[in-house]
Amino acid sequence: MSTTQFMANATIHLHRHDLPDGLSLGPIVAVDTETMGLRPHRDRLCLVQMSSGDGHAHLVQLIPQSLGGRGFDCPNLARLMADPATIKLFHFARFDVAVLQHSLGITVAPSYCTKIAAKLVRTFTDRHGLKDLCKELLGVDLSKQQQTSDWGATELTSEQLAYAASDVLYLHRLWEKLDALLVREGRRELAQACFDFLPTRGRLDLLGYEDPDVFHH
Ligand code: MN
């Protein structure tokens, strides 16, 4: 494991193959993934980022067996993603849930999606990207420069690690703001029903039912 200090109050912990034994990330863990692309059947999962919201980002790099790694043999990570007592907090959970379910062979639940929450309450705008929400709700400027970089590299750059970490470091603060808005607008229960559907949405997407969608006419 390597540890890097990259922002005033943030620390990155890079783990290879799995989360370490005995690491607790609390009842609500922010999660994001980096992959080789947007098609789970073609593009492998490379990195899973997690944070308990305390300024520490834990990054698990998954390395294929052909490169001397363990592939998707990561029991601690898989257990956490499927743990019914831990809420997984995502931004655009639909993709991450599908990728994790496909790669790890588990059902990811329970989940919370800040993008769904934002769409349900911020109906005055169509800007629901993580960068937009961090800017508007938290006054934080996120860089998206490394978004399309090569996440399959065996040695990730410090810029990649910092970018990957930043995608989970602010989700708890967004969740607090957005959840209060869901309550204010009377849509918390509707949001929960959407979150509860995420594992099924992931399965549908993996089967190719995203287009045409089963809900489409
Ligand atoms: Mn990301």
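Strand β3 and helices α2 and α5 each supply at least two residues of the lining of the largest pocket. Helices (H or I, at least four residues) and strands (E, at least two) are DSSP runs, numbered from the N terminus. The model is a predicted one, in which local features need pLDDT of at least 70 and side-chain atom pairs count only at pLDDT 80 or more, while totals for chains, interfaces and linings use all residues. Residues are numbered from 1 along each chain as its sequence is written, and side-chain values use heavy atoms, with hydrogens and water left out.

The pockets come next. Rolling a probe the size of a water molecule over the atoms shows where empty space is left. On a 1 Å grid over the protein atoms alone, a pocket is an open set of points where a 1.4 Å probe fits, with protein on both sides within 12 Å along at least five of seven lines, whereas a cavity is a set from which the probe cannot get out; lining residues have an atom within 4 Å of a point. A volume is the space filled by probe spheres set on the points, which are joined across faces, edges and corners. Sorted by class, the lining has nine nonpolar, eight polar and seven charged residues. Here Ala, Val, Leu, Ile, Met, Phe, Trp, Tyr, Cys and Pro count as nonpolar, Asp, Glu, Lys and Arg as charged, and the others, Gly among them, as polar.

The second largest pocket contains about 250 Å³ of space. Its lining residues include Phe92, Arg94, Ile116, Cys194 and Arg201. Two or more lining residues come from each of α2, α3 (114-121) and α7, and the largest share, four residues, belongs to α7. In this lining, seven residues are nonpolar, none is polar and four are charged.

What about the charged side chains? Side chains of opposite charge can pair when their charged atoms come close. With a salt bridge taken as a side-chain nitrogen of Lys or Arg within 4 Å of a carboxyl oxygen of Asp or Glu, the count comes to 13 salt bridges. In one of them, the side chains of arginine 201 and aspartate 205 meet with N and O 2.9 Å apart. These two residues are four residues apart in helix α7 (residues 188-206), and are therefore separated by about one helical turn. Both arginine 201 and aspartate 205 are buried, a term for under 20% relative accessible area, with exposed meaning over 50% and partly exposed in between (1.4 Å probe, protein chains only). Shared partners join Arg94, Arg201, Asp205 and Asp213 into one network of salt bridges.

A salt bridge also pairs glutamate 155 with arginine 16, at 3.5 Å from N to O. This pair links distant parts of the chain, 139 residues apart: glutamate 155 is in the loop between α4 (130-138) and α5 (158-169), and arginine 16 is in strand β2 (residues 10-16). Glutamate 155 is exposed, at 58% relative accessible area, whereas arginine 16 is partly exposed, at 35%. In another pair, the closest N and O atoms of aspartate 141 and lysine 131 are 3.9 Å apart.

Helix α1 (residues 75-82) has Asn76, Leu77, Ala78, Leu80 and Met81 buried. Their cover, judged by contact (heavy atoms within 4.5 Å), includes β3 (28-35), β4 (45-51), β5 (56-61), β6 (87-90) and α2 (93-104).

Finally, the backbone deserves a look. Most residues other than glycine have a negative phi, and most peptide bonds are trans. A cis peptide bond, however, joins alanine 109 and proline 110, with omega about -10°, and proline 110 sits in the loop between α2 and β7 (111-113). The bond from aspartate 211 to proline 212 is also cis, with omega near 0°; proline 212 is in the segment after α7. Histidine 17, in the loop between β2 and β3, has a positive phi near 80°. Phenylalanine 92 has a positive phi of about 65° and is found in the loop between β6 and α2.
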